[in-house]
Amino acid sequence: MEVQRETPLVSPPAPVGEPEVPNPFIEDLDAESSENVSVASESMVQSMLVPAAEEIPLAPPQAAIPTPRSPNFNKSVPPTPTLPSEDEDEDDVPELYLPGLTLPTMFLPIPNTDALTILLTKYIPAEKRPPRDLFGDYARFGGEIHPLVMTNSWRAVAKQARDRIVEADPEDVPFILSLWYLRLSSLARMRLFNQTVAECTNLFTVLHAIEPPETQAYLFDRVMPFELEVLYAKLKYWAGDHMGYLDALTALLQRCKSKARAAKADQAASAMWTERGSRVCLIVASQLIEMKDFAAAAGVLEPLCVQNGNITSPALRSAVARVYLQGGYVVMAAKHFAAVAEDPAADPVQKTMNAALYASAEGDWPRATSELQKTLAADPENFVAINNLAVALLNQGRLREGIEVLEDALRASPATIITAEPFLFNLSTLYELRSSSGADKKRELLVEVAKWAGDGLRTTCLKMPTS
């Protein structure tokens, strides 16, 4: 799948038909009326409110008309709106010519080494080290993006994006911005966060300097990929300002809410902004979990579990239960697990996994092992269940069996397993517990990881010191 110049690499901001997603917006008062309601009098005011449909009636109620009246055929009516012509649409679109986005000085050189190479140099002899691409040679796949992404060759993706940006026409701004997102996301995948921050700052410095303001507003509202805005918000996270990151995400969520409300007449646009709001909600919940605020994370996710029309999401409800388990709220977790168990739309494999997790929380490791084995009988490639089964076996003192379970999965699908850092961390931990051959086994695992990992692996999961 070669990247074509006419096709953006990320979803365009124009409204398109997208699959239905849970509505992330908690129903609240209208934005204009809620500004004047104080917190102290909220309960009293809510009892006096009337539905929005009654606040501005479209026609006088029938009871207000004492006698029927004949229609007035001579009254003035507003003219029928005319559809704008293509020429008028083109005149309304401002011209965008941004040569500053394609300057080579906007980019920094990518290092030709990484943490995995350092480990290989320290622990593995030169003749046993697997070959790795540290120069980003994207020509080996004919310039196609898909093989590079599937092999985690993020260095090659980043270099290819940079070369295409420099060669691009400054008038083709949507294509250039999609390439910028590909470049920045690849750098972040390689964990080059300082370089990501520097280049992203360069990009938005150019964008914020666009004149006149109407052109800048048009670019941010119609041309800018939403993914770039999310990435720009994450700069605060990489700078260590986690609360500032939450504030930036909240601002994005508020924008999605206002856009979805304004686009009620356009179902495609409303669905698009609703889907974007859902994604931002999930990012907020993930950040709260990282900050160990499990109650707040569950509070963000719980409104999404049941939608209008009594539509439930068993997968999301199971995720909320796991968040409660992680925070130690076993009673609340049991409540959500029970709701999933009674939901006829829930996947049986999901129900079995939930039962195993709840048994693990109660310390009933034999029952957890039994439930996980049932899951694997129904879905042998469920690597989450395989990882959890190894943990359950370890807690029963069955160390050898746990190692065999993980090693069998690694041999069956190395390209998938290597990218799962918790899997590698658990296997390295089990090797350490086998003190007789732990060091040799970890070196063998390092070689296997180097064959399949690509770029950006967090090498701390291998538990091998670099110094």
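This is a working chat about a predicted model of one protein chain.

Colleague: Overview first. How many helices and strands does the chain have?
Modeller: There are 24 helices and two strands. The model is predicted.

Colleague: What share of the residues counts as buried?
Modeller: Of the chain's 467 residues, 39% count as buried.

Colleague: And contacts in the chain, what percentage join residues at least 24 apart?
Modeller: 61%, taken among contacts between residues at least 6 apart in sequence.

Colleague: Let's do H16. How many of its residues are buried?
Modeller: Ten of the 14, so H16 is largely enclosed by the rest of the structure. The buried ones include Leu-316, Val-320, Val-323 and Tyr-324. Arg-317 is also buried there.

Colleague: What covers them?
Modeller: The cover includes helices H14, H15, H17 and H18. Strands E1 and E2 also contribute.

Colleague: How far does H16 reach, end to end?
Modeller: From first C-alpha to last, residues 314–327 reach 20 Å. That is close to the 20 Å expected at 1.5 Å a residue.

Colleague: What comes just after H16?
Modeller: Gly-328, with a positive phi of about 90°.

Colleague: Back to E1. What does Val-306 touch?
Modeller: Val-306 sits in E1, residues 306–307. Leaving out residues up to four places away in sequence, Val-306 touches Ile-311, Thr-312 and Arg-317.

Colleague: How far apart are Val-306 and Arg-317?
Modeller: They are eleven residues apart in sequence, and 8.8 Å apart C-alpha to C-alpha.

Colleague: New topic, H21. Which residues are buried?
Modeller: Leu-399, Gly-402, Ile-403, Leu-406, Glu-407, Ala-409 and Leu-410. Seen down the helix axis, the buried residues of H21 fall within an arc of 160°, so they line one face.

Colleague: Why would a helix give that kind of spacing?
Modeller: An α-helix has 3.6 residues a turn, so residues three or four places apart point the same way.

Colleague: What do the buried residues of H21 pack against?
Modeller: Helices H20, H22, H23 and H24.

Colleague: Which residues are exposed on the other side of H21?
Modeller: Arg-400, Arg-411 and Ala-412.

Colleague: Now a helix pair. At what angle do H11 and H13 cross?
Modeller: Roughly 155°, with the axes coming within 9 Å. That makes H11 roughly antiparallel to H13, since angles over 145 degrees count that way.

Colleague: Which residues make the contact?
Modeller: From H11, Phe-226, Glu-229, Val-230 and Ala-233. From H13, Tyr-245, Ala-248, Leu-252, Arg-255 and Cys-256. By class, seven are nonpolar, two are charged and none is polar.

Colleague: What is phi at Arg-191?
Modeller: Near 65°, a positive value in a residue other than glycine. Arg-191 is in the loop between H8 and H9. At 30% relative accessibility, Arg-191 counts as partly exposed.

Colleague: And Lys-292, what is its phi?
Modeller: Positive, about 65°, although Lys-292 is not a glycine. Its loop runs between H14 and H15.

Colleague: Is Lys-292 buried or exposed?
Modeller: Exposed, at 59% relative accessibility.

Conventions: Residues numbered from 1 in each chain as written. Predicted model: local features only at pLDDT ≥ 70, side-chain atom pairs only at ≥ 80, totals over all residues. Heavy atoms only, no water. Axes fitted to C-alpha atoms, helices over the stretch in contact; angles between N-to-C directions. Helix = DSSP H or I, 4+ residues; strand = E, 2+ residues; numbered from the N terminus. Parallel < 35°, antiparallel > 145°, perpendicular 65-115°, else oblique. Contact = heavy atoms within 4.5 Å. Nonpolar A, V, L, I, M, F, W, Y, C, P; charged D, E, K, R; others polar. Buried < 20%, exposed > 50% of the residue type's maximum accessible area, 1.4 Å probe, protein only. Arc of directions from axis to C-beta. Expected span 1.5 Å × (residues − 1).
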